[in-house]
Every structure is written in C-alpha cells, then in structure tokens.
Amino acid sequence: MLRIAVPNKGSLCEPAVTMLKEAGYKVTRRGRELTIIDKSNDVEFFFLRPRDIAVYVGAGVVSCGITGRDLLIDSGVAAVEYLGLDFARSTFRFAGPAGKFQEVEDIQGKRVATSYDLLLKKFLAEHEISGVSVVHLDGAVESSVQLGIADLIADVVETGSTLRAAGLHTFGKPLMESEALLITAAGQETHAQLQTLAARLRGVMVARTYVLMDYNAPSAQLADLLAITPGIESPTISDLAEDAWKAVRVMVKAADVNLIMDRLYAAGARGIIVTDLKACRL
C-alpha cells in the first residue's frame, strides 16, 4: 500500500487535497481524521504538519508526500523532489526597513530573523556571507524588526502584503523559488505506485492547462487552420457528410482559447466548440 503524506493545514492543504481528488483518490475527511485509507487505489493518506512531511518521507515512514520546496530544503533530510505540482508558488527573500538595505551584502554583521534556519544558513555559506546572527522564530517573523530582536528577516513571500503592512520591503534577488512538490525518499523513484500517482497528477496539471476544441474546417483551408491549432501531438481529423468540410478535434491552451477562436473563425472555421478537461494522460 502506498503511504502518502498530505498537509493538514495552511496554504498547501486545500490545493493538495483538491488535486488528489481530481486525480481520482478518495481523500476527503469527514472531520479531523489523521489517516484515510483509499482501498480502491491501495493508498493510505496521512495528514501531517507541512513542515514535518519531509522528515517522515526522508525517514521512509511514508512513501511520498506533498510539501513545499522551501520546507524540503529546510528539513535537511534525504528526501528528493519527484514532481513539481504547479501551485503554492512563492519566493524566499530578505526583507528589511525601507531604504536600509539594498543588496544581500548589506546584511553582514546583522541579525536575521527566520523560521527557515537551515535554508538561510545554507545560502549564507554558499555565498560566503559571514558575521550574520540567525534568530530563529516559529512564525510571524515580520514583527521581529519592530520589536527589536532582529535587523531584518528572511521569509517566504507570496504577495508581499504582510511585509508591507509591517513596514518591510524585499531587497536583493530571491534566495530561492518555491512551489508545492511531490517528494519521495532517495532511491524510491521507481516505485510502481508512486509512478502511477505522478502520472495522475501530471494528467491533472495538463487538464487544468488545456481545453478540448472541436471545429468544422473547410477542406480547402484545412492546412491553414491546422497551423493555428497544431495540438500537442497531432489533431484528430474526421470526415463530415459534406466532402467540402472536415471535423477537427484538438487540445489548445486554455489561456489562449479566445484568441485561437478568433483566428480560426477569421480563417474559415465554423461550429467551434470548447470543452473543459477533467483529466487526461498523455
């Protein structure tokens, strides 16, 4: 049975559960259950603190888990990225009082508050920045500067609104870019059920990115219309009752669908229909 760790709270929780549902897994909790068994898929889900998931995966207690890249690196355990999941994107950055810091080198000799000690120390070592005092806090690091226990902070930034409310501004380049990941223990990448899980999750991501488009194409303009909608591999072309027309079915990017419809119609296509995708496997 594949054992999967799922975030039990925070910004990772709901998107992770939604994605697993869309991938066909029974992962809905009725209350505050810590484990759920999906017998039909031979999977057991464990709801854990996002920060602890990499530790459990690295120890081999669970087969895989969903957590952030920032939390994986900060855990310092032997777990590896298996698949990026394209949600919960953020950056890890330095922030301080406006106008006080301009470049990363300006933090030498300063106190930096963070909840990500290992990640920060790794960055400092790699960039040979010395004399920095790391102040560990479990959360709400934005208040540390105002309260006088730190000169600046290093934290995960999504929109930056919380930082601005605290009078802080980011500076320098991001220390890293993070997103939600499917992770596993090193050496377990070939596990058959893990590969099936990853294939389903990839299918969900593709289904969210693409739509299915059907349209009728005049045979004389077919080549021009297919140039507009080449598809992922190749469109499906079918005969219609009238020899002068062909039916085309193709996947197109959802973000471009209206522009593509405009171009198709102008080039002679008619009967253009767009259908959302629930899942796919390419």
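These legends walk through several close-up views of a predicted model.

Local features are described where pLDDT is at least 70 and side-chain atom pairs only at pLDDT 80 or more, while totals for chains, interfaces and linings use all residues. Residues are numbered from 1 along each chain as its sequence is written, and side-chain values use heavy atoms, with hydrogens and water left out.

**View 1**
UniProt, in an unreviewed entry, places the feature "domain: Histidine biosynthesis HisG C-terminal" at residues 207–278. UniProt positions follow the numbering used here, with shortened feature names, and annotations may be inferred rather than shown by experiment. In the model, the span 207–278 is 28% helix and 40% strand, and its end C-alpha atoms lie 6 Å apart. Helices (H or I, at least four residues) and strands (E, at least two) are DSSP runs, numbered from the N terminus.

**View 1. The six-stranded sheet.**
Follow the order β2-β3-β1-β4-β11-β5 to trace this open sheet of six strands, whose pairing is mixed. The edges belong to β2 and β5 (79–84); each has a single partner strand, so one side of each lacks a neighbour in the sheet. From one strand to the next, the twist averages 30°, taken between axes that are lines fitted to C-alpha atoms (for helices over the stretch in contact), with angles from 0 to 180 degrees between N-to-C directions. Two strands count as paired if DSSP finds at least two bridges between them. Strands of a sheet pair through backbone hydrogen bonds, either parallel or antiparallel. Strands β4 (residues 64–68) and β11 (residues 180–185) run antiparallel and are joined by five bridges, with Thr67 opposite Leu181 in β11.

**View 2. Strand β3 and its two partners.**
Strand β3 (residues 43–48) is mostly covered, with six of its six residues buried; buried means under 20% relative accessible area, exposed over 50%, and partly exposed in between (1.4 Å probe, protein chains only). In a regular strand the side chains alternate between the two faces of the sheet. Here Val43, Phe45 and Phe47 point one way from β3, while Glu44, Phe46 and Leu48 point the other way. Strand β1 (residues 2–7) runs parallel to β3 and is joined to it by six bridges; Ala5 has Phe46 as its bridge partner in β3. Strand β2 (residues 35–38) pairs with β3 in the antiparallel sense over four bridges, and Ile36 stands opposite Phe45. β2 and β3 form a hairpin with four residues between them, and Asp42 in the turn has a positive phi of about 55°.

**View 3. Arg3 on strand β1.**
Look for Arg3 in strand β1, where a relative accessible area of 33% makes Arg3 partly exposed. Arg3 and Ile37 are 34 residues apart in sequence, and their C-alpha atoms are 9.2 Å apart in space.

**View 4. The five-stranded sheet.**
Another open sheet has five strands in the order β8-β7-β9-β6-β10, again with mixed pairing. Its edges are β8 (133–136) and β10 (168–178), each with a single partner strand, so one side of each is left without a neighbour in the sheet. Neighbouring strands are turned by 25° against each other on average, direction ignored. Seven bridges link strand β6 (residues 90–97) to β10 in the antiparallel sense, and Phe92 faces Met176 in β10.

**View 5. Helix α7 from end to end.**
Helix α7 (residues 192–209) has 18 residues and should span 26 Å at 1.5 Å a residue, which agrees with its end C-alpha atoms being 26 Å apart; the expected span is 1.5 Å times one less than the number of residues. Its buried residues include Leu194, Leu197, Leu201 and Met205. An α-helix has 3.6 residues a turn, so residues three or four places apart point the same way.

A search of the whole structure finds zero disulfides, a disulfide being a pair of cysteine sulfur atoms within 2.5 Å. For Cys13, the nearest cysteine sulfur is that of Cys64, 16 Å away. Cys13 counts as buried at 13% relative accessibility, and Cys280 is buried with a relative accessible area of 17%. Thr229, in the loop between α8 (222–228) and β13 (236–239), is buried with a relative accessible area of 1%.
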